[in-house]
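Subject: Model for your files

Hello,

Here is the structure I said I would pass on. My notes on it follow below.

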Amino acid sequence: MSENTHDKLPIRMLHDRVLVRTDSPEGERRSGGGILIPATAAVGRRLAWAEVVAVGQNVRTVEIGDRVLYDPEDRAEVEVRGIAYVLMRERDLHAVAADRFEGTKDSTGLYL
C-alpha cells in the first residue's frame, strides 16, 4: 500500500468525531537530549500528538491534515485496512497545530 492510503478512508465520520493517526507507535521514546526512555518507565500523564485524517460534519476547529494534542488514556482505537487509528470527540482535543494559525491572535508562536 502507498504511504497515503489513509487519504481516502472507506468511512464517513459523524457529528463531532475526529479520526487521527498517531505520530509514533507506543513504546520506547527518546528525550530531547537523546536519552532512551523505555515503554515501562513510569511517567505522569503524558499527552500525545497525532495527525487528523477524517472529521465529522459538526467539527468546527479542526481540519484534515492538522496536528492535534490529545490524551492517549481517553481514546478508542479502530483499525482500517491494517492501520490503527484513534477515534475521539472534538471536545477531547487539547490543542491544534496548523500552518493556517501562523500570525493569528490565537497563535502562541511556539514551534512544534
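Along the sequence the protein chain runs β-β-β-β-β-β-β-β, with zero helices and eight strands. Helices (H or I, at least four residues) and strands (E, at least two) are DSSP runs, numbered from the N terminus. This is a predicted model, in which local features need pLDDT of at least 70 and side-chain atom pairs count only at pLDDT 80 or more, while totals for chains, interfaces and linings use all residues. Residues are numbered from 1 along each chain as its sequence is written, and side-chain values use heavy atoms, with hydrogens and water left out.

Of the 112 residues in the protein chain, 25% count as buried; buried means under 20% relative accessible area, exposed over 50%, and partly exposed in between (1.4 Å probe, protein chains only). Among contacts (heavy atoms within 4.5 Å) with a separation of 6 or more, 66% join residues 24 or more positions apart.

The largest nonpolar core has 11 residues: Val18, Val20, Ala50, Val52, Val59, Val62, Val68, Tyr70, Val86, Met88 and Leu93. Two or more of its residues come from each of strand 1 (17-22), strand 4 (48-55), strand 5 (67-70) and strand 7 (83-89). By nonpolar core I mean a set of buried Ala, Val, Leu, Ile, Met, Phe, Trp, Tyr and Cys residues joined through side-chain atoms within 4.5 Å. Apart from this core lies another, of seven residues, including Met13, Leu19, Ala54 and Tyr85. In soluble globular proteins, nonpolar side chains tend to be buried together.

Val20, from the 11-residue core, is in contact with Ala50, Glu51, Val52, Val53, Val68, Tyr85, Val86 and Met88, leaving aside neighbours within four places in sequence.

Strand 6 (residues 76-80) and strand 7 pair in the antiparallel sense over five bridges; two strands pair if DSSP finds at least two bridges between them. Glu77 stands opposite Val86 in strand 7. The two strands form a hairpin with two residues between them, and Arg81 in the turn has a positive phi of about 55 degrees.

Finally, is Glu90 buried or exposed? Glu90 counts as buried because its relative accessibility is 13%. Glu90 sits in the loop between strand 7 and strand 8 (93-97). Not counting residues up to four places away in sequence, Glu90 touches Asp16, Val18, Asn58, Val59, Arg60, Thr61 and Val62. From Glu90 to Val59 the C-alpha to C-alpha distance is 6.5 Å, with the two 31 residues apart in sequence.

Regards
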